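Trainee: I am new to this structure and would like to go through it step by step. Could we begin with how some of its helices pack?

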Amino acid sequence: MVVRIGILGIHLESNAFAPVTTAEDFRASCYYEGEAMLAEAVKTAPAMPAEIPGFIEAMNAGGDWEPVPILITATEPGGAADATFIKQTLERMRTLLGASGALDGVYISNHGAMVSTTDSDPDGELYALARAAVGPDRPVVATVDLHANISQRMVDNADIIISYRTNPHVDRRERGAEAAPLMRRLLAGERFEKSFIHLPIVAPTVTLLTARGAYADMIEEGQRHIGADLPVVSILGGFAFADAPECGISILTYGVGGRSKKLALQLAKYAWAERERFKVRLTPLDEAVERAAAAGRAGRSAAVCLADVADNPGGGGRGNTTDILERLISARVERALLGNFVDAAVAARCHEAGVGARLHVVLNEGRADAHARAVPVDLEVLALSDGIVAGRRGIYKGRTANMGPSAAVRIGGLTMLVCSRRIQCADPAFFESLGLDGGAFCSLTVKSRGHFRAGFDEWYSDESIVEVDAAGLTSPLLERFPWKSLPRPVWPLDEHTQWTPPRVEEL
Ligand SMILES: [Zn+2]
């Protein structure tokens, strides 16, 4: 008999300090039910999380099966999800699952760091729903972002949770594919012991890169132990800005014979021993802008990339803060490029005026706040586009990105990409879609926390990237935020935080 696997998920990384993520946000980005979901998944550049096409492709390669597409929705990181939308979506999933006939298993693709306006763990509710649909004995396999805040409810309701192992996240499709053979093993009757350790460490996002650092060491060590009896080691960095009790680094291992338990404990102890490395050092704003100015004078050999890590739309930032922008303008930095500045009104003005027009506009007009001041500028419109971009590198490779109506503008020595939709700048194709060659400038300022590294490594090695201390909703300097629900004490916010490792027998 052909196995029937339900597929569903909700992707949102919630920044509790950002405005609420609405039903419209989800529906405008990715919302598919039933057959429409499968039709999208097989496209060359599907507008859905890459895990799902990866899972489907690998299941196809593994033998007969019947995918039972239920519902997938996803959107850019933003504030807490509107609770009514989440309730309705979960209800809709329940209805579709109920109408889909008997299922042999469920595959969940979610982010794992969502909070709603009323609930700190809607992801846990999603997992409970999937479990209820197949009962206690049939498999539920999930894939999550490595920024997931894992709850006990998620662990209890899934047979296996697989997390990304790359940051920038370039392995999303592979992790979906990895879920398929594990689903087959579970369908054949195998089961694995779970070990789950949650640590009192909320790691600032910039300390969770996987190229180097304590977190990278942990991922590498975990993978060194993978084998038939220990198929999955998931190491979650967590996402502090969700401001939820589930925040924090967690280790999840799955195996048989006890080796997985020892490894979970070893990795947790390592993270704790290395906790100093989860503290952040950023470059002061003046020093960063001076480097860009020097590069503008010296030329490409001194090129520098300023990462505006505090205003990352990929972490809930609004993409419109002005600390760096204003300094670049006032310091008259030459041959500078900045992207993406999100201002739909200015993009619309540029489209009305046309290429070649010179305009006086006010950035952030009517929506200024403490981080995003209203800045009057004289600009020249260099190019216009509808903002639909075929990604070519890093996290957007093979995906279609939608910046909304966009413009390339020049403000003195600064060239800037202004767009209408909130999206993090992580692919040179964004600039190229407006006729700009990113490699021709002497400095690049990106509103992105880390994913830009996989897109712009053509021009900027790690040594030429500076993480700038500017204001914004995603500043890695956690002491600047009015936390409400984080577990406290927690490292690195509270120096006196303590942790006693569990005994292996307790896992
Ligand atoms: Zn992530």
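Mentor: Helix 10 (residues 285-298) packs with helix 11 (residues 323-330) at an angle of about 50°, and their axes are 10 Å apart. Axes are lines fitted to C-alpha atoms, for helices over the stretch in contact, and angles run from 0 to 180 degrees between N-to-C directions. Helices (H or I, at least four residues) and strands (E, at least two) are DSSP runs, numbered from the N terminus. This is a predicted model: local features need pLDDT of at least 70, side-chain atom pairs count only at pLDDT 80 or more, and totals for chains, interfaces and linings use all residues. Residues are numbered from 1 along each chain as its sequence is written.

Trainee: Why is helix 10 oblique to helix 11?

Mentor: The angle of about 50° makes helix 10 oblique to helix 11. Angles under 35 degrees count as roughly parallel, over 145 as roughly antiparallel, 65 to 115 as roughly perpendicular and the rest as oblique.

Trainee: Which residues meet there?

Mentor: L285, V289 and A292 in helix 10 meet D323, I324, R327 and L328 in helix 11. Two residues are in contact if their C-beta atoms, placed from the backbone, lie within 7 Å. By class, this contact of helix 10 with helix 11 has five nonpolar, no polar and two charged residues. Here Ala, Val, Leu, Ile, Met, Phe, Trp, Tyr, Cys and Pro count as nonpolar, Asp, Glu, Lys and Arg as charged, and the others, Gly among them, as polar.

Trainee: Which residues of helix 11 are buried?

Mentor: D323, I324, L325, R327 and L328 are buried in helix 11. A residue is buried if 20 or more other C-beta atoms lie within 10 Å of its own, exposed if 12 or fewer, and partly exposed in between, with C-beta atoms placed from the backbone. Just after helix 11, R332 takes a positive phi of about 50°.

Trainee: Is G319 buried or exposed?

Mentor: G319 is buried, because 25 other C-beta atoms lie within 10 Å. Not counting residues up to four places away in sequence, G319 touches D311, P313, N340, F341, V342, R422 and K447. The C-alpha atoms of G319 and R422 are separated by 6.4 Å, although these residues are 103 residues apart along the chain.

Trainee: And what about G450: buried or exposed?

Mentor: G450 counts as buried, because it has 26 C-beta neighbours inside 10 Å. G450 is found in the loop between strand 19 (443-446) and helix 14 (453-456). Leaving aside neighbours within four places in sequence, G450 is in contact with N167, P168, T205, V206 and L209.

Trainee: A new topic: which residues touch the most other members of the largest nonpolar core?

Mentor: They are L8, F55, Y107, I108 and V141, in a core of 89 residues. The largest share of this core, six residues, comes from helix 9 (residues 259-273). A nonpolar core is a set of buried Ala, Val, Leu, Ile, Met, Phe, Trp, Tyr and Cys residues joined through C-beta atoms within 7 Å. A second, separate core of 59 residues includes V289, V346, I395 and L444.

Trainee: What does V141 contact?

Mentor: Leaving aside neighbours within four places in sequence, V141 is in contact with Y107, A158, D159, I160, A179, L182, M183 and L186.
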